[in-house]
Amino acid sequence: MSGSPPLVRDRWRGWSLRGRASPVLLALLPVVAALALALGGGLWSAGARAWDTQQMLRQAQRHGARSVDLAQALIETVQMGQRMDDERRLELVNQFFNRRIYFRDDIEVWGQVDYWATPLEMFAQGQGDCEDYAIGKYFALMAAGVPQAKLRLVYVRATLGGVGGVQQAHMVLAYYPAPTAEPLILDNLIGDIRPASRRPDLQPVFSFNADGLWQGTQGPGAGDPSARLSRWREVLIKAREQGLF
């Protein structure tokens, strides 16, 4: 990783809220404040509580047999991951979701243009889109022991079909071994986990987890960060009710 191009490294790291606030981040402050209120007066800390597996299974029953089966399989996968180092955890969880969940657009699954599902909701359908994959991996990796500070959901512009191809909104999960390190990218578009320098098809826009928000580059096709973080707030509330943290 130390030999990766500086431009690529800079593009994927250092999205700190410290220093001068950009207009985009200032516009998002009400959303961040709402997240804090929704989660009991403070953004959730990764070490605050573990998965409640019994609550997960009870909630999964409300979503049907498929959700129960996949929830149980994920619990077993997470338990395996708890005995591994981070590199093996990433591989284990990435493969779990990429191999067991079929990709479908939200409009086909939920009848909505953009819906962010919890893992249990996704399991009930057996399918989901890029946000659902990234969200599921995020919760599972934290349950397996990866510190939340190392994980960010990243909203990107993805170029499909090589240079000059079509650009579309996309989401991936990034793992940062250290705060200023080049991240590893977990993606449903490809099976293997690659460092950001080997994903020139992805242009980061902004990233977030339950502790904060980081800005990447901004421009046409970036979407509405405020609307997307509102969906994230809804996911966190549902995930807490479902025993996911």
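Q: Is Leu-244 buried or exposed?
A: Leu-244 has a relative accessible area of 0%, so it counts as buried (under 20% relative accessible area is buried, over 50% exposed, in between partly exposed, with a 1.4 Å probe and protein chains only). Keep in mind that this is a predicted model, where local features need pLDDT of at least 70 and side-chain atom pairs count only at pLDDT 80 or more, while totals for chains, interfaces and linings use all residues. Residues are numbered from 1 along each chain as its sequence is written, and side-chain values use heavy atoms, with hydrogens and water left out.

Q: Where is Leu-244?
A: Leu-244 is in the segment after α9. Helices here are DSSP runs of H or I with at least four residues, strands are runs of E with at least two, and both are numbered from the N terminus.

Q: What is Leu-244 in contact with?
A: Setting aside neighbours within four places in sequence, Leu-244 is in contact with Trp-51, Met-56, Thr-118, Pro-119, Phe-139 and Ala-239. Contact means heavy atoms within 4.5 Å.

Q: And Ala-239, where is that?
A: Ala-239 is in helix α9, residues 225–241. Its relative accessibility is 0%, so Ala-239 counts as buried. Not counting residues up to four places away in sequence, Ala-239 touches Thr-118, Phe-139, Leu-244 and Phe-245.

Q: How many residues apart along the chain are Ala-239 and Met-56?
A: They are 183 residues apart along the chain, and their C-alpha atoms are separated by 9.3 Å. Met-56 is one of the buried residues of helix α3 (residues 53–63), together with Gln-55, Leu-57, Gln-59 and Ala-60.

Q: What comes just after α3?
A: Gly-64, which takes a positive phi of about 110°.

Q: New topic: helix packing. How do α4 and α5 cross?
A: The axes of α4 and helix α5 (residues 86–100) come within 9 Å and cross at roughly 165°. Axes are lines fitted to C-alpha atoms, for helices over the stretch in contact, and angles run from 0 to 180 degrees between N-to-C directions. The two helices are therefore roughly antiparallel to each other (over 145 degrees; under 35 is roughly parallel, 65 to 115 roughly perpendicular and the rest oblique).

Q: Which residues make that contact?
A: From α4, Leu-70, Ala-73, Leu-74, Thr-77, Met-80 and Gly-81; from α5, Arg-89, Leu-92, Phe-96, Phe-97 and Arg-100. They divide into seven nonpolar, two polar and two charged. Ala, Val, Leu, Ile, Met, Phe, Trp, Tyr, Cys and Pro count as nonpolar, Asp, Glu, Lys and Arg as charged, and the others, Gly among them, as polar.

Q: What about α4 and α8?
A: The axes of α4 (residues 65–81) and α8 (residues 130–144) come within 8 Å and cross at roughly 45°. That makes α4 oblique to α8. Leu-74, Val-78 and Gly-81 of α4 meet Ala-140, Ala-143 and Ala-144 of α8.

Q: Back to the rings. How many aromatic pairs are there?
A: A search of the whole structure finds eleven. Among them, Phe-96 and Phe-97 are edge-to-face, 5.2 Å centre to centre with 75° between the planes. Rings of Phe, Tyr and Trp (its six-membered ring) pair if their centres lie within 6.5 Å; planes under 30 degrees apart count as stacked, over 60 as edge-to-face and the rest as tilted. Both Phe-96 and Phe-97 are buried.
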